[in-house]
Amino acid sequence: MRALLSALRPLHSARWLCALGLVCLSFASWAQEAGRCEPRIQSIQVAKADSQGPVPIGKALDWTTVQLRDIWRDRWPNYVGAAWYRIDWERSCADQPVALTLNSIIMAGEVFINQDLLWRDTHLQEPLSRSWNVPRYWLLPESALHAGVNQVWIRVHGRADDSGGLGSVLIGEPDALHHYFERLWWSHRTAVTISLAVAAVLSAI
């Protein structure tokens, strides 16, 4: 009997090792597929813009490649007006939903997906809407997207001496970006409101 158990023990271990290997292979395959379908930002460019008008597709603008967060005063001291940000990104899997999160727009802005308007602030002329501390989240409409390379166009309205520019932009899986957006909202809005309320109570006391 002992001899039989000794003979079966390697087979039992091999079976567990085989099962573990299959699990690892499945996870690796899933991770590779998820990574393959993750949208990829290819480039981010900015150029001075007219305060009105359509998305400048095919229009010759003085584009500059930037990283976000971008602040105008580093490039255009004393500039007052608008600027287009063009974000080229690749959609690898047409059947996967895509979301967009903006950290901040300083001071006001409007967002287009390819040529379709997604959102705009209420006031794009003085007094401008104040979006500097307001994160944004959208699930991108399928009707505005296509396979391959897409563009997010963001026209920012502001002043260089007010730190005009654009905060970080993320494009990706909706659930993950929504969790990120909730954390941004807490740090940008809820925590600030709590701090102001506490300061007001202490001042009153």
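User: In what order do the elements of the chain run from the N terminus on?

Analyst: This is a predicted model. From the N terminus, the order is α-β-β-β-β-β-β-β-β-β-β-β-β-α. The chain holds two helices and 12 strands.

User: What makes cysteine 37 and cysteine 93 a disulfide?

Analyst: The cut-off for a disulfide is a pair of cysteine sulfur atoms within 2.5 Å. The sulfur atoms of cysteine 37 and cysteine 93 are 2.0 Å apart, so the pair qualifies. A search of the whole structure finds one disulfide.

User: Which parts of the chain does this pair link?

Analyst: Distant parts. Cysteine 37 belongs to helix H1, residues 2-37. Cysteine 93 sits in the loop between strand S4 (80-91) and strand S5 (99-102). The two cysteines are 56 residues apart.

User: Why is the disulfide of cysteine 37 and cysteine 93 called left-handed?

Analyst: The torsion about its S-S bond is about -70 degrees, so the disulfide is left-handed.

User: Are cysteine 37 and cysteine 93 buried or exposed?

Analyst: Buried means under 20% relative accessible area. Cysteine 37 has 13%, so it is buried. Cysteine 93 has 7%, so that residue is buried too. Across the chain of 205 residues, 38% count as buried.

User: Why is aspartate 50 called exposed?

Analyst: Exposed means over 50% relative accessible area. Aspartate 50 reaches 52%, so it counts as exposed. Its place is the loop between S1 and strand S2 (64-65).

User: Which residues does aspartate 50 touch?

Analyst: Leaving aside residues up to four places away in sequence, aspartate 50 touches Lys59, Ala82 and Arg155. The C-alpha atoms of aspartate 50 and glycine 81 are separated by 7.7 Å. Along the chain, those two residues are 31 residues apart.

User: Why is leucine 117 called partly exposed?

Analyst: Partly exposed lies between the 20% cut-off for buried and the 50% cut-off for exposed. Leucine 117 has 42% relative accessibility, so it counts as partly exposed. This leucine 117 is in strand S8, residues 116-120. Beyond residues up to four places away in sequence, leucine 117 touches Val111 and Phe112.

User: What makes S5 and S9 paired strands?

Analyst: Two strands pair if there are at least two bridges between them. S5 and S9 have four bridges, so they pair, in the antiparallel sense. In S9, tryptophan 138 is the bridge partner of leucine 100. Leucine 139 in S9 is the bridge partner of alanine 99.

User: Which residues lie on the covered face of S9, and which on the uncovered one?

Analyst: Arg136 and Trp138 make up the covered face. Tyr137 and Leu139 make up the uncovered face.

User: How do you know that S6 and strand S11 pair?

Analyst: The cut-off is at least two bridges. S6 and strand S11 (residues 165-166) have two bridges, so they pair, again in the antiparallel sense. Isoleucine 106 stands opposite glycine 165 in S11. The open sheet here has the order S3-S11-S6. Strand S3 (70-71) and strand S6 (105-106) are its edges, because each has a single partner strand.

User: Which residues touch the most other members of the largest nonpolar core?

Analyst: They are Trp72, Tyr85, Leu100, Leu102, Val111, Val152 and Ile154, in a core of 28 residues. S4 gives the largest share, four residues. In soluble globular proteins, nonpolar side chains tend to be buried together.

User: What does leucine 100 touch?

Analyst: Not counting residues up to four places away in sequence, leucine 100 touches residues including Val111, Ile113, Trp138, Val152 and Ile171.

Conventions:
Residues numbered from 1 in each chain as written. Predicted model: local features only at pLDDT ≥ 70, side-chain atom pairs only at ≥ 80, totals over all residues. Heavy atoms only, no water. Buried < 20%, exposed > 50% of the residue type's maximum accessible area, 1.4 Å probe, protein only. Core = buried A, V, L, I, M, F, W, Y, C linked by side-chain atoms within 4.5 Å. Contact = heavy atoms within 4.5 Å.
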